[in-house]
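Have a look at it first, and then follow the points one by one.

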Amino acid sequence: MTQILTLRRPDDWHLHLRDGAMLAAVLPETTRHFGRAIIMPNLVPPVVTSAQAAAYRARILAAGDGRFEPLMTLYLTEESDPEDIAAAHASGLITAVKLYPAGATTNSSSGVANFDNVRACLEKMAEIGLPLCVHGEVVDADVDIFDREAVFIDRVLDPIRRATPGLRVVMEHITTSDGVDYVKSSDSGDLGATITTHHLVINRNHILVGGIKPHYYCLPVAKRESHRLALRVAATSGDARFFLGTDSAPHTDPNKESACGCAGCFTATNTMSILAEVFEQDGALERLEAFTSRNGPAFYRLPVNEDSITLSRGEAVIYPDKIETEDGAVTVFDPGFPLHWRVSN
Ligand code: DOR
Ligand code: ZN
């Protein structure tokens, strides 16, 4: 059995870093292992303009380790300016634009309600090859929360892609076999998907059986077991259309353990150990590097990282239950099984 695994340094193609004290506390948890990350713009207020993205990037760099590269995104609103987006792309400031349907998740109230109102932006992005990262859930009250991803594909995503040839789309944090199948239906190179660590590990029973487990609640919510298994097959297949986006999303414990708890799993700390365990369980360790370090850069047309990390297998590795921040404690995702892969830089 392999005991040492060397991978090109991984990247995280979907990450929430927040701001201020929370940023300072969670950033090292990512930079310890990851070279780059796509930074989600759902701050309060959101990162809508290139000026806001430049200022946020400077705050991340100031809190960083000098090596980590934040890949910035703009939050798409119905008022977004196609020329501002194009200029931010041309200057190298942004790597993608993020589409949140209004009301879909944490801090998404400025998101898009009428997709006709972002047509000009999407057309400009198709023209310049700037990827759109999509939170793929409809928010209609009559659609069951477990169906929101599948309905989004039919009602929103597929029509947008047909109307906007050449638009490059990342379906973020897919949670269903419908998402997997939709991504696999396109071999144009214009459609990819991120998969989180936690959606490879938990299904909806983990949230609801034996008492409600707020630290397993995230959006899109974990689905039934057959969907988790479809995600496992996609992630471990080596298929270049699937890559890691942890969606590591810190909330303090009081905000999670509440009558109306926030969505998000905080996985930055132990993601690489969990993924190594998952890929080992599925006999796919030799394809871990594709998922964490190669497929993402290929989609985003960036080079893979120059340096590497090493994972070694041994005695069970213990991670802290929580990390402390000035805002309060943040619970680290518990995969529910022992971890044996330790990461060294
Ligand atoms: O679980 C989630 N948490 N899903 C999201 O889409 C947003 C994120 C957050 O910002 O907390
Ligand atoms: Zn997210």
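How many disulfides does the structure hold?

1. The structure, which is a predicted model, holds zero disulfides. A disulfide is a covalent bond between the sulfur atoms of two cysteines. To count here, the two sulfur atoms must lie within 2.5 Å. Take Cys 133: the closest cysteine sulfur belongs to Cys 121 and is 15 Å away, so the two are too far apart for a bond. Cys 133 is also buried, with a relative accessible area of 0%.

2. Cys 262 is in no disulfide either, and the nearest cysteine sulfur, that of Cys 260, is 7.5 Å away. Cys 262 is partly exposed, because its relative accessible area is 26%.

3. The zinc site. Please turn next to the zinc ion (ligand 2), which is coordinated by His 14 (NE2), His 16 (NE2) and Asp 247 (OD), at 2.0 to 2.1 Å. Along the chain, these donors follow the spacing H-x1-H-x230-D. His 16 and Asp 247 link distant parts of the chain, 231 residues apart. You will find His 16 in the loop between strand E2 (12–15) and helix H1 (20–31), while Asp 247 sits in the loop between strand E9 (242–244) and helix H9 (253–256).

4. Are His 16 and Asp 247 buried or exposed? His 16 counts as buried because its relative accessibility is 7%. Asp 247 counts as buried too, with a relative accessibility of 7%.

5. The nonpolar cores. In soluble globular proteins, nonpolar side chains tend to be buried together. In this model, the largest nonpolar core has 91 residues, and Leu 17, Leu 76 and Ile 94 have the most contacts inside it. Leaving aside residues up to four places away in sequence, Leu 17 touches Met 22, Leu 23, Val 26, Leu 27, Ile 39, Tyr 56, Ile 60 and Phe 68. Another core, of twelve residues, lies apart from the largest one and has Met 40, Leu 71, Tyr 100 and Phe 299 among them.

6. Helix H4. Which residues of helix H4 (residues 119–128) are buried? They are Cys 121, Leu 122, Lys 124, Met 125 and Ala 126. Their cover includes helix H3 (82–90), strand E5 (94–99), strand E6 (132–134) and helix H5 (148–163). After H4 comes Gly 129, with a positive phi near 75°.

Note on methods: Residues are numbered from 1 along each chain as its sequence is written. Chains are lettered from A and ligands numbered from 1 in the order in which they are written. This is a predicted model: local features need pLDDT of at least 70, side-chain atom pairs count only at pLDDT 80 or more; totals for chains, interfaces and linings use all residues. Side-chain values use heavy atoms; hydrogens and water are left out. Donors are N, O and S atoms within 2.8 Å of the metal (3.2 Å for Na, K and Ca); water is not among the atoms, so sites may look incomplete. Helices (H or I, at least four residues) and strands (E, at least two) are DSSP runs, numbered from the N terminus. Buried means under 20% relative accessible area, exposed over 50%, partly exposed in between (1.4 Å probe, protein chains only). A nonpolar core is a set of buried Ala, Val, Leu, Ile, Met, Phe, Trp, Tyr and Cys residues joined through side-chain atoms within 4.5 Å. Contact means heavy atoms within 4.5 Å.
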